Amino acid sequence: MIWLSWRQFRVQALVAAVFLAALAAVLGVTGLRLAHFYDSSGIGACTAAGATDCDRLQLDFLDHYHSLRVIGSLLIGAPAIIGAFWGAPLIARELEGGTHRLVWTQSVTRARWLAVKLAIVGAASVVVAAAFSALFTWWAGPLDRVAASGSRLTPAIFDQRGIVPVGYAAFAFTLGVTAGLLLRRTLPAMATTLVGFTAVRMTIQYGVRPHLLAPVHVSYPPPIYDQANSPLGTNAWVISSKVVDAAGHVVATGDPAGFSTNTLAAACHGSPNLPDTFFQQCADRLGLHNVATLQPASRYWAFQAWETAIFLALALALVAFCFWWTSRRTA
Amino acid sequence: MIEFRLDARSGVAPYQQLVQQVRQALRLGLLQEGDQLPTVKDVVARLAINPNTVLKAYRELEREGLAAGRPGLGTFVTRTLADASLTAHGPLRKDLTRWLAKARQAGLDDDSIEALFQDTFRASHRQGVA
Amino acid sequence: MTAALEASQLGKRYGQRWALRDCSLRVPAGSIVGLVGANGAGKSTLLHLAVGLLAPTSGTITVLGAKPAAGAHQLARVGFVAQDAPLYPGLRVAEHLRLGRRLNPGWDAHAATARIQRLGLDPRQRAGHLSGGQRAQLALTLAVAKRPELLLLDEPVASLDPLARREFLQRLMETVVDQHLTVVLSSHLLADVERVCDHLIVLAAGEVVLAGEVEELLAAHRVISGPARDPRRLPADQQVIQASHTDRQTTLLVRTTRPILDPAWTVSDVGLEELVLAYMSRSTPSLQSGDPGAVLHDAAEVRP
C-alpha cells in the first residue's frame, strides 16, 4: 500500500521538489545578500548602541528589500495549493475513475488504504510546508530584526513565519481530501477546497486570532503621540486604536500615530496647520486620550502555538470524518 | 490427439456432441485403444465451455466402456468401435443408397436431401422426450 | 454442499428506488453461475453488495460464510472484476502486477507473470493504451492471481469484440479448472451463458425471477402448442410461464415436473434463451403482450 500511494503521488511530489529547489535557490541567494547588507549597513551596531536615530538607516534598508517580500505571498498561497492539488485528488480521482472498484477489492481494508494514503501525502504536505516556512523565516530574519518593519504578529507577517504554515497545510490537505470524498469529482473538489480553506483562514484570522489571548488595553493621555516613546511597547500588534474624549465618545479612529494634528483637526474645529499648543489645549479641554487594544510582541510564540493547534485540531476532526465516511460503503 | 468442436446451434447437448465426436473418431480410426483424450483443461481452454460438460461427456464414455480415467494421468480410450465401423452394415448401406436415388429422382438437390435427413433425424430424437 | 454466496431477502434502496429487492439466492461452491438480466435489473448492485462496495438496505448476504469485505482475509478470498475492467491508466502492466503483489498476501507472482506473457501483453505498456480485450484480460489476471475461492465478474465481455470475448472465456475456464473456482458472471449475452454456466440467476426489475441449475431448469420447462385453449384450464402441476394465442392456436411455456401426456399438445424443449426471455418479460409490463422474441433484433443478445 505504501508503494501504491507513493507511485500515485510521484509526479506531484516531483513538481513540489522542483519548485522547492528553485525557491531555495532564489531565497538562498537573496537571503545571503540581505544578511550581508544588514551587517554592512551598520543597523545592528546602531540599535545595540541604543541610539535613537537609527530610523533612517532602517528605512533605507527596508526600502531596498521591501519588494522581495512578495515572495512571502507565495507562502500564504502554498497551503491552499497543497490542499487543492494534493488533497482534493487523493480520493476524488479514484472515485471519478472508478478505480476504487479495483483497489477496494484487493486484500486491504478501506481503513488501511485510507490511513496509508493520508499518512504519506499528509506527511509530505507537512514537510513541504515546514520547509517553505523554515526557509522563509530564515530569509526574513534581517527584515524582522529591523524594528521599523512592524510587529511579527501583524496578519501578513504572522502567517508566513514559524509553525502556523504547517497547521494551515495540514488543514488544507485534509479539507481537500474531505471535499474529494464528498463531491467525488476532482475539479469541483479543488475549487471547494480553495474557497473553503480561504473562508476558514480568514474567519480565524480576523474573528478568532485577536481574541485567542485576552488583549491588553492601554489608555494613555496626550501629548501628541511620539513613536519613540510609545507606551504600546515595541512592535506590538495593535488591533484597534481610537481617540476618546472624557465622556468616552470616540472622536477619531486609526493607527497610534493618529493623535496627530490631522486626526484632531475635525474634533478641535481647527486646521492642521495650527500650532501644537492649540491642539494641546483642545485635548485638555475635551479630556482626550488614546485607547489602544493590542497584543504585546512577547506573545508571538503563544499565538503561533494556539493557531497551529486550532488548525491541527480541525485537520484531525476532518481525518476522523473521512474514516467514518469511507466505512459507510455507499460506493 | 482428437480436437473437439462445438456447434452451439445444433440442438444437441454439448456433452452429447463431445461423446459423438469421440465415437466418430473411433469409428474412423482416428482414435485407437490406449490413446489419451484431451484433458479437461485443454478442452475447456479451447472451447470455452463449462468443465462439467467435459466431465459429463467423459463419464458417459466411461459408462459405455469406451474410455477410462486414470487418476493423475488422464482419460484413455479403452476399446475401439471397429465392429461398428462403416464397412459393416451392408444392408443398411444398400437401403440408404436406394433412398438417395429416390430422393434425387424426386428432384431434391444435395442440400435438400441433407436438410430432410437432419430434420427427420432430430425429430426422431425428440419423440423420446415428450 | 456449502454455499459460496448466500443472500436472504437482500435489498438495496437508493432514495425511493429499490435497485434490488427481496433477493434470496444460493450459489453452490464450485458452480459457474450466470447472472442474467436487462440493464438496470440489479446485476451490478448484487455484485457490489457481494464484494462489499455497497452495504445492504435490508436483508443479509454472506460470502464464503462471512460478511462481504469483512477484513483483509475475507477480501483475499474473493476476486472481482468490475464493469469495464477498471485499471489505473497511468500505471504499466508490470506495475499493476506489482500492485497485486503488494496488496494481496496470497499473490502468485510466477503464475501472474506467466499468464501475462502467454497473453502477449507488454509489461511496459501503460494500461490506458491497452485494447478493451487486453484490459479485460489484465483485470482478470489481477483477480485470479491472488488465488481467490470465489470470482465475481460484472459483464466482463460486454464491450469486447467476438474474438476477445472468446479468448477471455477460454482463459477464464482454464483458470476455473486450475484453481477450482466458483464463478458468478453477469452478462446479457445468453450464448456465452449457455456455453459456460451450469447455474442461472435471472434478475428483472431488482428481483430474482428464476434461479437454479441450468439442466434442471431446461428439463422442467416445455413449450407446448395446440388448438386454442384457455391456459387456466390446465392441470395444476403445469404452471404457465408465458402464453400466446392466435384465434386458432395457443402456445404456452409451462413449468412442470411430470411428462405432458395430453395428445392435443405438441411438446418441444425450450432453449435457454427462450426460457430466460420468457421469465424476464413476465415482469416487464410493456413486453407482456407479445412474443418477446419479436421485440429483439438480435436473437443472441438480451436487451430491455
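**Figure 1. Overall dimensions of chain C in the predicted model.** The structure shown is a predicted model. A compact globule of 304 residues would have a radius of gyration near 19 Å, and the 21 Å found for chain C agrees with that expectation. Along the principal axes, the C-alpha atoms of chain C fill a box of roughly 65 × 40 × 35 Å. The secondary structure of chain C comprises 10 helices and 13 strands.

**Figure 2. An open sheet of 3 strands in chain C.** The strands follow the order β2-β1-β4, and their pairing is antiparallel. Strands β2 (17–28) and β4 (58–63) of chain C stand at the edges of the sheet. Each of these two has a single partner strand, so one of its sides is left without a neighbour in the sheet. From one strand to the next, the twist averages 20 degrees.

**Figure 3. The pairing of strands β1 and β2 in chain C.** Strand β1 (residues 3–14) of chain C runs antiparallel to β2(C), and 8 bridges join the two. Which residue of β2(C) stands opposite C:E6? The residue in that position is C:R26.

**Figure 4. The side of chain C that touches chain A.** The contact between these chains takes 22 residues from chain C and 17 residues from chain A. On the side of chain C, the elements that give two or more residues are α2 (72–77) and α3 (93–103) of chain C. Helix α3(C) provides the largest share, 5 residues. Sorted by class, this side of chain C has 15 nonpolar, 3 polar and 4 charged residues.

**Figure 5. The packing of helices α2 and α3 in chain B.** Two packed helices are described by the angle between their axes and the distance between the axes. Helix α2 (residues 40–47) of chain B packs against helix α3 (residues 51–63) of chain B at an angle of about 130 degrees, and their axes are 9 Å apart. Because of this angle, α2(B) is oblique to α3(B). The crossing of the two helices, α2(B) and α3(B), is right-handed.

**Figure 6. Residues at the contact of α2(B) with α3(B).** Helix α2(B) takes part through B:V40, B:V43 and B:V44. From α3(B), the contact is made by B:P51, B:V54 and B:L55. To which class do the residues of this contact belong: nonpolar, polar or charged? The contact has 6 nonpolar residues, with no polar and no charged residues.

Key:
Residues numbered from 1 in each chain as written. Chains lettered and ligands numbered in written order. Predicted model: local features only at pLDDT ≥ 70, side-chain atom pairs only at ≥ 80, totals over all residues. Axes fitted to C-alpha atoms, helices over the stretch in contact; angles between N-to-C directions. Helix = DSSP H or I, 4+ residues; strand = E, 2+ residues; numbered from the N terminus. Parallel < 35°, antiparallel > 145°, perpendicular 65-115°, else oblique. Left-handed = near helix turned anticlockwise from the far one by under 90°. Contact = placed C-beta atoms within 7 Å. Nonpolar A, V, L, I, M, F, W, Y, C, P; charged D, E, K, R; others polar. Pairing = 2+ DSSP bridges. Rg over C-alpha atoms; globule rule 2.2 N^0.38 Å.
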